[in-house]
Amino acid sequence: MKIAVCEDQKEEADWLCTAIRSWAADKKLPVDVVSFGDAASFLFSLDDNVYDVLFLDIKMPGEDGVTLAKRLRNMNNNVFIVFVTGEKEYVMEGYEVDAVNYLLKPVDTGQVGKCLDRIYGKTDIQQPYIILDTGEKMLKLLQKEIYKIEVFSHKLVYTTERGEFEVYSSLKEAEKELQEGYFIICHRGVLVNLMHVVTIGKNSLMLADGNTGFHMEVPVSRRLYNRVNEAFIKFYRN
């Protein structure tokens, strides 16, 4: 788990980082904690990093914490946001950006621990995911969000519940990062997520997601039909 602390007061940032590392040590969890003094330096780091949790001070020089949080949500960044501030009046802004918690200063280690327990208990943070480098940004993508991966020239196009993303890679490399038994090649250069397969025919299958309204027909190779059908049955039996 990778955690960022965005706090302009160095002493408070150092204390928070120590409290987080102490929680991780007690839970025997591998946690990487990084501290930033302002929104700009945190945003710059997103070119090469993906964070699971962000402890965010609201009042900072330059861009404030609420504005940064809104920007992250507009970027489709699904980081868990925890506001850490001495100002009570910003509670409603926390709801607007789906903040997971709101810690009022002075914060104690017990509050930090309870907050992290709550976050770690959420299913999403423990679910398998991949990191995509689109060339423009690094993206953390839960594997359950992926509908289909398809080869186009030297690119892979990931069709997901958050839209389409292109990366320079091969299908073979993509398969290495995916959870075994959840994905199957159904046609040359096409990999589908069995979690979203609802029907299989001799020449095509249907992908659908009731939560988002997504649906798509995907071709199935005659040569691969039996393999795809067997994988589909095995997946749902398990």
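Author: One bit of bookkeeping to start: Ala, Val, Leu, Ile, Met, Phe, Trp, Tyr, Cys and Pro count as nonpolar, Asp, Glu, Lys and Arg as charged, and the others, Gly among them, as polar. This is a predicted model, where local features need pLDDT of at least 70, side-chain atom pairs count only at pLDDT 80 or more, and totals for chains, interfaces and linings use all residues. Residues are numbered from 1 along each chain as its sequence is written, and side-chain values use heavy atoms, with hydrogens and water left out.

Reader: How many nonpolar, polar and charged residues are in the lining of the largest cavity?

Author: A cavity here is a set of points, on a 1 Å grid over the protein atoms alone, where a 1.4 Å probe fits but cannot get out, and lining residues have an atom within 4 Å of a point. The lining includes Leu-46, Tyr-51, Asn-76 and Lys-137. Sorted by class, that's six nonpolar, four polar and two charged residues.

Reader: Which residue in β10 is the bridge partner of Val-157?

Author: Strands are DSSP runs of E, at least two residues long, numbered from the N terminus, and two of them pair if DSSP finds at least two bridges between them. β9 (residues 155-160) and β10 (residues 163-168) run antiparallel, with six bridges, and they make a hairpin with two residues between them. Across from Val-157, the partner in β10 is Glu-166.

Reader: What percentage of the 238 residues count as buried?

Author: Buried means under 20% relative accessible area with a 1.4 Å probe, protein chains only. For the 238 residues, the share is 43%.

Key: Helix = DSSP H or I, 4+ residues; strand = E, 2+ residues; numbered from the N terminus. 1 Å grid on protein atoms, 1.4 Å probe; cavity = no way out; pocket = protein on both sides within 12 Å on 5 of 7 lines; lining within 4 Å. Buried < 20%, exposed > 50% of the residue type's maximum accessible area, 1.4 Å probe, protein only.
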